Amino acid sequence: MKRELIHLENIAKSFGNLLVLDEIDLSIYESEFITLLGPSGCGKTTMLRIIGGFEMPDTGRVIFDGKDITNLPPNRRPINTVFQKYSLFSHMNVEENISFGPKIAGKSADYIRDKVKYALKLVNLEGYEKHDVTRLSGGQQQRIAIARAVVNEPKVLLLDEPLSALDLKLRRNMRRELVRINKETGITFIFVTHDQEEALSMSDRVVVMNQGYIQQVGTPENVYNEPENAFVADFIGDSNIIDGVMVRDKVVRIFGREYPCVDSGFPEECPVDVQIRPEDIKLAAPLEGAFNGVVTRVVFWGMSYDINVEADGFEWLVQSTTGRTVGEKVSLHVAPENIQIMSKPQSEDEEVAKDN
Amino acid sequence: MFNKFTRNILLTPFLIWAGLFIFVPLIFIVWYGVTDYDGNFSLGNIGLIFERGYLDALKLSVELALISTVACLLLAYPLCLILTERQRDNTTIISLLFILPLWMNSLLSTMAWQTILEHNGIINQFMKLLDLPTFHMINTEGAIVLGMVYNFLPYMVLPLFISLSKIDRSILEAAQDLGANSWQKFFRVILPLTLPGAISGITMVFIPALTTFVISALLGGGKLLLIGNIIEQEFTFQYDWHVGCALSVILMIFIILNMLLTTAFDPMKEAGDEH
Ligand SMILES: Nc1ncnc2c1ncn2[C@@H]1O[C@H](COP(=O)(O)OP(=O)(O)OP(=O)(O)O)[C@@H](O)[C@H]1O
Ligand SMILES: [Mg+2]
């Protein structure tokens with residue numbers, strides 16, 4: 001059993017009239033790589049700043065290792081941050097930047113020298129001690145920012161979209177590096193991104209957020225394959241989300257037709273959201289599959305085609321390795337285990353979320 | 001941006017201006033300063049500075065200018081820190097507040113201080129009203145320093161405020177994140193990063209404070225003579241341009257010294273070498 005390190009307890013936060021976070025309840029475990037994922041403005045940064053101590057929650061508590069740290073200022077929390085803009089001290093060189101924390105902690109010169117060396121090695125920038133930070137590339141500055149945080153041996157590292165300013169190749173590289181550093185140091189990583197690919201490829205667990213609410217917490221496979229609501233399904237990967245009705249266990253009605261599925265436990269005649277991933281839909285000759293339609297659009301992506309098929313007045317998205325031509329008549333087939341049934345949103349907020 | 005030729009053309013008016021109204025007068029001042037009444041070269045007038053009255057005035061001028069500069073610095077830092085902390089979005093109003101006193105004629109505001117500090121001035125009348133002992137305030141060094149600080153504080157606040165508001169908030173948060181308390185944050189991050197602003201503030205306060213004669217005349221009551229007052233007297237009462245110019249040259253040397261001192265140490269380097 002993993003040990004709980006941080007517990008956010010029923011946290012809410014508003015700026016003026018704007019409710020930014022509500023009913024946030026989350027456990028974060030020791031040494032895990034957890035990612036806060038959600039669209040712009042959903043409150044990820046605010047949540048991170050509350051953990052870091054830069055914002056006070058209006059209600060709720062931040063528990064760290066069993067102790068309430070809600071009112072502890074950032075400089076007294078065993079937590080360090082890698083800021084989005086790196087925020088290096090421009091009047092100091094690399095070494096001075098990295099040794100800022102240990103110096104304040106009153107460590108000896110020998111200790112600091114060794115630690116700086118170790119931290120630079122960790123981020124693959126050995127020998128950069130005397131470099132001017134303002135002359136470094138974005139990727140190098142980012143590494144220094146990570147080294148400057150890690151050198152303090154924090155229990156938790158907060159990272160707010162640290163890769164967003166880097167180009168694609170460097171970003172891929174840094175993703176691997178971050179995961180490696182997480183495993184090597186055992187520091188808990190709380191990572192913020194709005195890039196679902198980043199979240200899925202790096203994290204042990206993903207926290208999907210929208211409009212200040214946590215939508216789902218789970219492993220990457222879990223949130224991808226078993227989204228709990230339409231927002232999660234839509235936000236993570238591409239999805240066809242269809243209004244359906246649960247006829248009885250393992251039978252769902254979509255577009256007036258009863259269709260076998262694997263979910264159960266819903267009340268009879270209960271309205272649900274039905275999610276089908278585009279890569280799970282097989283195209284077949286007309287009348288062979290369950291839904292008949294016409295190809296309306298074909299986009300080639302290199303590895304696959306995105307094909308839009310109109311059937312029953314619904315625009316389906318299908319991913320296929322073979323192309324089709326616009327106007328072609330096709331039918332769609334979905335295996336029952338690939339049909340994901342989700343309850344309809346309860347609150348209005350979630351409903352709004354679905355429309356976005 | 002421009003090629004060399006256009007640049008030279010654009011520069012010409014400024015060069016002419018600088019030549020006619022800055023460089024030539026400077027030559028004249030130095031020339032008068034190092035010649036005697038017959039036009040012969042002599043350091044006699046410069047040497048006068050070592051006479052008691054002049055030396056005392058120079059010493060007092062440097063002293064009061066230094067005190068005022070330090071006072072401005074000590075007032076401006078907390079003020080600017082509070083301003084940047086509180087009003088990140090309202091900077092225009094704030095800066096206006098500090099530029100506004102500059103619009104008021106400094107002679108006028110200094111005279112206002114005179115009426116406040118006088119024996120029968122506003123403060124003492126108020127004290128009398130409450131049957132409290134009155135103060136001797138006018139014609140003291142303190143009154144002159146007060147006048148200087150009042151008049152020159154905006155010149156310290158503005159450059160400091162500008163360099164302070166240029167510091168990204170996340171830099172300060174980073175310092176705090178790495179364990180720095182408020183004092184450590186100030187001395188290790190804010191101070192070094194605002195040193196350029198502080199230095200221009202120091203120069204902009206120290207020089208007018210060193211050369212002023214209005215403030216010392218009005219608030220010093222002619223009893224406390226600063227070097228500026230003596231130079232003024234040489235020109236307007238004694239009509240001795242040679243002594244006046246010689247004293248000006250000496251003052252200039254002090255100003256150049258001050259500027260060399262403040263720019264000599266590279267602020268960035270200085271800040272980095274804190275061990
Ligand atoms: N200090 C503040 N004052 C007022 N409103 C704020 C403040 N900080 C954040 N907000 C608002 O709170 C909401 C959530 O902001 P937050 O920065 O947490 O979003 P985010 O999920 O990090 O978004 P992004 O992906 O764009 O960084 C936004 O609507 C934002 O405008
Ligand atoms: Mg953010």
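Trainee: What is the order of the strands in the open sheet of four strands in chain A?

Mentor: Good place to start, and keep in mind that this model is predicted. The strands of this open sheet pair in the antiparallel sense. Read across the sheet, the order is S2-S1-S4-S5.

Trainee: Which strands stand at the edges of the sheet?

Mentor: Look for strands that have a single partner strand, so that one side is left without a neighbour in the sheet. In chain A, the two edge strands are S2 and S5 (67-68).

Trainee: How many bridges link S1 and S2 of chain A?

Mentor: Strand S1 of chain A covers residues 4-15, and its pairing with S2(A) is antiparallel. One of the bridges joins Phe15(A) to Leu18(A) in S2(A). The pairing of S1(A) with S2(A) runs over eight bridges.

Trainee: Which element gives the largest share of the shell around ligand 1?

Mentor: The residues around ligand 1 include Phe15(A), Leu18(A), Lys44(A) and His194(A). Two elements of chain A give two or more residues to this shell, strand S2 (18-29) and helix H1 (44-52). With three residues, the largest share comes from H1(A).

Trainee: How many residues of that shell around ligand 1 are polar?

Mentor: Sort the shell into its kinds: four residues are nonpolar and one is charged. The polar residues number seven.

Trainee: Which element gives the most to the side of chain A that touches chain B?

Mentor: The contact takes 19 residues from chain A and 18 from chain B. On the chain A side, strand S6 (79-82) and helix H3 (100-104) each give two or more residues. The most, three residues, comes from H3(A).

Definitions and conventions: Residues are numbered from 1 along each chain as its sequence is written. Chains are lettered from A and ligands numbered from 1 in the order in which they are written. This is a predicted model: local features need pLDDT of at least 70, side-chain atom pairs count only at pLDDT 80 or more; totals for chains, interfaces and linings use all residues. A residue is near a molecule or strand if its C-beta atom, placed from the backbone, lies within 6 Å of it. Ala, Val, Leu, Ile, Met, Phe, Trp, Tyr, Cys and Pro count as nonpolar, Asp, Glu, Lys and Arg as charged, and the others, Gly among them, as polar. Two residues are in contact if their C-beta atoms, placed from the backbone, lie within 7 Å. Two strands pair if DSSP finds at least two bridges between them.
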